[in-house]
Each structure stands twice: as structure tokens, then as C-alpha cells.
Amino acid sequence: MTKRALKRQLREGPFDAGQFGGDDKIRRLPVDRGWSPLAHHNSNDEREQGYLKTIKAKSPGQEELIKAIDAKNLVMALGPAGTGKTYLAIAKAVEALESGSVGRIVLSRPAVEAGESIGYLPGDAEDKLAPYLRPLYDALSDRLSMKRVRALMAEGAIEIAPVGFMRGRTLNNAFVVIDEAQNCTYVQLKMLLTRLGWHSTMVVTGDPNQSDLIPELSGLRPVADKLEAVSNIAIVRLADRDIVRHPLVGEMLSVL
């Protein structure tokens with residue numbers, strides 16, 4: 001190697017055939033750009049970044065619910081449709097999982113037929129139950145990408161199960177969300193609440209006024225009334241003013 005070639009290699013770096021492109025045969029020399037806002041921004045693209053929307057209360061009732069979840073291991077959120085009960089509970093569950101506060105998320109809701117029969121649906125038991133669990137998937141996918149949700153479910157970090165599959169379990173190091181609890185009987189709710197294990201948080205959500213059961217069978221209201229006397233349990237009662245859906249929802253519920 002001549003002295004001139006050696007000096008060029010020291011100045012420009014080793015020869016790279018990939019630096020020649022197209023027919024122009026112009027060699028692109030390495031340029032030291034130094035620091036710039038654009039270069040700094042591009043360097044961050046190499047890191048794996050997760051996008052997670054900040055949880056922000058939109059009403060006094062939602063603010064009370066968020067504070068209760070942060071402070072208590074067992075929270076019952078009662079209120080009308082559209083107050084964000086399920087969404088906030090799952091959002092706090094995802095936040096706890098991502099921060100490492102818990103090792104898994106367990107989501108459960110009763111598979112109660114609201115006047116329709118699921119026996120005609122194709123597939124096995126899991127396929128038949130999928131429509132009942134769909135609202136939980138929707139809330140999860142809003143906080144995490146579906147690809148990440150599927151990966152976490154494959155790892156066992158996220159579990160979605162009907163109420164009937166919860167009997168006999170002890171849920172340690174978990175964030176548990178019991179959704180649509182107004183469709184649980186008193187005995188079912190008692191069973192679910194006693195699943196709570198060490199280093200776990202449980203949030204029970206439901207609307208006592210929208211039960212698909214006979215009013216006398218729903219156990220949500222009597223259970224909440226009894227547990228209100230326990231200081232270490234938070235009972236959050238949301239109202240029509242906390243509805244964050246379309247304004248017509250609140251107007252309809254006021255007359256229906």
C-alpha cells in the first residue's frame with residue numbers, strides 16, 4: 001500500500017463498496033456531524049421505546065378512583081355506564097405491570113347471557129366466551145399494542161378468564177380487575193374477593209342499575225354496602241356527572 005493510500009484510509013476509514021451507489025460513482029465520505037437536535041433525535045430511534053398515554057382524570061369521581069387504586073389493595077368502583085370504571089382499572093393495571101409493581105394482570109368478568117344464547121356460536125368454549133371478554137381486549141389494546149398484548153398473554157403476564165374459572169385460586173403479585181360485577185351473585189363476589197393474595201391489588205367495577213340478573217340475585221350492591229365499613233377497602237361511587245362518553249348518555253340515564 002502506497003503512502004498516499006495509507007493516508008487516505010486513515011482519513012476516510014476502510015474502503016466500503018457499499019459507499020458507491022448508482023452510476024454516479026461518487027464516494028460518500030463519513031461526516032462527523034457532532035451534536036445537533038436532529039442527530040440526537042435520530043439516535044433515540046435505535047432504542048426500543050414504548051408509548052403509553054398518561055392517565056388523567058376527567059372528573060372528580062375519576063380522580064377519587066385513581067387515588068383509591070393507588071392507596072388501597074381492594075377497590076370497588078360503582079357507577080353508571082360511561083364513567084370510565086373499566087378503562088381506568090385496566091389502565092392502572094397496565095401501569096403497574098410496566099413499572100414492575102406486579103408480575104401479572106388478571107382480568108375477569110362473568111359470562112352472563114343478556115337475553116341471547118351463546119350455544120349456537122361456532123368453536124370451542126374459548127371461542128364462545130370471546131364476545132364476553134372483548135371489552136377487556138379493547139381496553140388493553142388502547143393502552144398497549146395488540147402485538148404486545150398477545151406477547152404478554154403468551155408469556156402468562158396477562159390472563160383473561162371468566163368468573164367461573166377463578167374458584168380455588170390465590171392471586172399473588174397480581175393486579176386483578178373484576179369487570180361487570182353487577183352480573184355476579186353474592187356468593188360469586190364473595191369467592192372472587194377472597195382470591196386476593198399477597199402484593200396484589202384488586203379492582204371490582206360494575207353498575208348495580210344495569211344487571212342482567214334478577215335484581216334480587218345481583219350481589220354487587222349488598223357486598224359494597226357491607227364492605228364500606230372496612231377502612232382498608234375503598235368504595236368509590238361514581239355519578240352521572242362523571243360520565244365521559246357522549247353527553248346524550250348522561251341525559252338518557254337521567255330519564256331511563
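# Exercises on a predicted chain

The chain has an accessible surface of about 15,800 Å², and carbon and sulfur atoms hold 54% of that surface. Accessible areas follow the Shrake-Rupley method with a 1.4 Å probe, and for residues only the protein chains shown count as cover. The model is predicted, with local features needing pLDDT of at least 70 and side-chain atom pairs counting only at pLDDT 80 or more, while totals for chains, interfaces and linings use all residues. Residues are numbered from 1 along each chain as its sequence is written, and side-chain values use heavy atoms, leaving out hydrogens and water.

## Exercise 1: the overall picture

Find how many helices and strands the chain has, and what share of its residues is buried.

Solution. Step one is the secondary structure: there are nine helices and six strands. These are DSSP runs numbered from the N terminus, helices being H or I with at least four residues and strands E with at least two. Step two is burial: of the 256 residues in the chain, 39% are buried. Buried means under 20% relative accessible area, exposed means over 50%, and partly exposed lies in between (1.4 Å probe, protein chains only). Step three looks at contacts, meaning heavy atoms within 4.5 Å. Take the contacts between residues at least 6 apart in sequence: 73% of them join residues at least 24 apart.

## Exercise 2: arginine 195

Work out where arginine 195 sits and which residues are in contact with it, leaving aside neighbours within four places in sequence.

Solution. Start with the location: arginine 195 belongs to the loop between helix 7 (186–193) and strand 5 (201–206). Next, list the contacts, which are Met166, Gly168, Arg169, Thr170 and Leu171. Then check the charge: arginine 195 is buried but has no salt bridge, and glutamate 159, the nearest side chain of opposite charge, is 12 Å away. Here Lys and Arg count as positive, Asp and Glu as negative, while His and the chain ends are not counted. A salt bridge requires a side-chain nitrogen of Lys or Arg within 4 Å of a carboxyl oxygen of Asp or Glu. Finally, look for polar partners: the side chains of arginine 195 and threonine 194 make a polar contact at 3.1 Å. A polar contact is a pair of N or O atoms within 3.5 Å; within protein, one must be able to donate a hydrogen and the other to accept it, and residues adjacent in sequence count only if both atoms are side-chain atoms.

## Exercise 3: salt bridges

State how many salt bridges the structure holds, then examine some of them.

Solution. The structure holds ten salt bridges. Side chains of opposite charge can pair when their charged atoms come close.

- Arginine 134 pairs with aspartate 138, with the closest N and O atoms 3.0 Å apart. The two are separated by about one helical turn because they are four residues apart in helix 5 (residues 125–143).
- Glutamate 159 and arginine 169 join through their side chains at 2.7 Å, N to O. This pair links distant parts of the chain, with glutamate 159 in strand 3 (residues 158–162) and arginine 169 ten residues apart from it, in the loop between strand 3 and strand 4 (174–178).
- Arginine 237 bridges to glutamate 228, the closest N and O atoms lying 3.0 Å apart. Arginine 237 has a relative accessible area of 37%, so it is partly exposed.
- Asp70, Lys92 and Glu95 are linked in a salt-bridge network.

## Exercise 4: serine 218

Decide whether serine 218 is buried or exposed, and identify which backbone oxygen lies 2.7 Å from a polar atom of its side chain.

Solution. First, the relative accessible area of serine 218 is 11%, so this residue is buried. Second, the loop between strand 5 and helix 8 (220–227) holds serine 218. Third, the backbone oxygen in question belongs to glutamine 182.

## Exercise 5: backbone angles

Solution. Most residues other than glycine have a negative phi. Asparagine 173 lies in the loop between strand 3 and strand 4. Histidine 199 counts as exposed because its relative accessibility is 68%.
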